[in-house]
There are 2 protein chains.
Amino acid sequence: MNSSNRPFSQVHDILRKAGLRPTRQRLGLARLLFENDDRHVTAEQLHTEATGANLRVSLATIYNTLNQFTGAGLMREVVVEPGRSYFDTNTTDHHHFFHEDTGRLLDIPGDAISVSKVPEPPTGTHVERVDIIVRIRE
Amino acid sequence: MNSSNRPFSQVHDILRKAGLRPTRQRLGLARLLFENDDRHVTAEQLHTEATGANLRVSLATIYNTLNQFTGAGLMREVVVEPGRSYFDTNTTDHHHFFHEDTGRLLDIPGDAISVSKVPEPPTGTHVERVDIIVRIRE
DNA sequence: CAATAGATTAGAATGATTTTAAAGAAGAAA
DNA sequence: TTTCTTCTTTAAAATCATTCTAATCTATTG
Ligand SMILES: [Mn+2]
Ligand SMILES: [Mn+2]
Ligand SMILES: [Zn+2]
Ligand SMILES: [Zn+2]
């Protein structure tokens, strides 16, 4: 039996499959993150949003949850600025525009951009991932 | 008259051209940074290295200097990890291998890799720079 | 030499993130 | 359900990189 007729069944199942207990906080955050279009959030942003949606969660739990979701492959971390991390609900192969003035991240589909002639990595290493950040300004 | 017969004349001139007073600290750091091959350093690394070379400099001055050198176009900042900044003495157009296990950065010459079909940036914005990070592991 | 603008520094402050340890909630067993 | 156990949440403290403050130096110019 799955949970198709229980409330929030989609996110509930997502958490179950990730091996994470469906707690009130995780369910609420998962709804904010996964029931809408793909998004890029900082911990602070998500905390503000959760609070605004009447979900009581501490900032520590926001960090725990974002790191757990990332560890479970439900999200990924994008590093564009020193001192702040963005978390991305889009886990498909893609890249980013980073608006340096507003701090906004925008997806570039994986097939809309591509790297050619990636040189061989040093002996004994393998390529884990290629990140392309197109930095833009007004 | 230039300073071609004064000690450390090369870095001395670099600082002068950048409009930075050639102080003992800046001269010492410039020698470590520019008299060898291109390099990637964190503030803490450079501080340790300076101290080991008998150059007395505070960590605050290391940060000031790296930021001033970067502002003057003598270096650039590379963001690969949350919570730590790397500074690069190679200011030519190029990209990086980032070794996730060791924290080392390796240059990929600009002509050894290239992006194709970079999509148009959103209306009202222009591309400032494209950063490619090839993340590698053992 | 002054005089002055600019530079260095110790130490405090900041800001993002993590850790601690205590209290609370979820799953399993009975 | 009740009980037991394991996870989870949280407030508060701790950490870590970086920046700021404001007092003390130093390079440059007259
Ligand atoms: Mn992390
Ligand atoms: Mn900076
Ligand atoms: Zn994305
Ligand atoms: Zn480089």
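Two strands count as paired when DSSP finds at least two bridges between them. By that rule, in this predicted model, β2(B) and strand β3 (residues 84-88) of chain B are an antiparallel pair joined over four bridges. One position in this pairing is Arg76(B), whose bridge partner in β3(B) is Asp88(B).

**The sheet in chain B**

The pair belongs to an open sheet of three strands in chain B, ordered β1-β3-β2 and antiparallel in its pairing. β1 (40-41) and β2 (76-81) of chain B each have a single partner strand and stand at the edges, so one side of each has no neighbour in the sheet.

**The interface between the chains**

Contact between the chains involves 39 residues of chain A and 39 residues of chain B. Together the two chains bury about 3,100 Å², and carbon and sulfur atoms account for 59% of that area. The polar side of the interface is described by two counts: four salt bridges by the rule applied, and 16 residue pairs in polar contact, both residues at pLDDT 80 or more. On the side of chain A that touches chain B, the elements that give two or more residues are β2 (76-81), β4 (94-99), β5 (105-109), β6 (114-116) and β7 (126-137) of chain A. The most comes from β7(A), with 12 residues. By residue type, this side of chain A divides into 19 nonpolar, eight polar and 12 charged residues.

One of the salt bridges across the interface joins Arg135(B) to Asp131(A), with the closest N and O atoms 2.7 Å apart.

Strand pairing also crosses from one chain to the other. β6(A) pairs with strand β6 (residues 114-116) of chain B in the antiparallel sense, over three bridges. Within this pairing, Ser116(A) stands opposite Ser114(B) in β6(B).

| Strands | Sense | Bridges |
|---|---|---|
| β2(B) and β3(B) | antiparallel | four bridges |
| β6(A) and β6(B) | antiparallel | three bridges |

**How the two copies are related**

Two copies of a chain are related by a rotation about an axis and a shift along it. Here, chain A is superposed on chain B by a rotation of 179° with 0.0 Å of shift along the axis, at an RMSD of 0.1 Å. That is the relation of a two-fold axis. Both copies use the same surface, as 100% of the contact residues of chain A recur in chain B.

Key:
Residues numbered from 1 in each chain as written. Chains lettered and ligands numbered in written order. Predicted model: local features only at pLDDT ≥ 70, side-chain atom pairs only at ≥ 80, totals over all residues. Heavy atoms only, no water. Contact = heavy atoms within 4.5 Å. Buried area = accessible area lost by both parts, 1.4 Å probe. Salt bridge = Lys/Arg side-chain N within 4 Å of Asp/Glu carboxyl O. Polar contact = N/O pair within 3.5 Å; in protein donor to acceptor, adjacent residues only side chain to side chain. Nonpolar A, V, L, I, M, F, W, Y, C, P; charged D, E, K, R; others polar. Least-squares fit on C-alpha atoms with pLDDT ≥ 70 in both.
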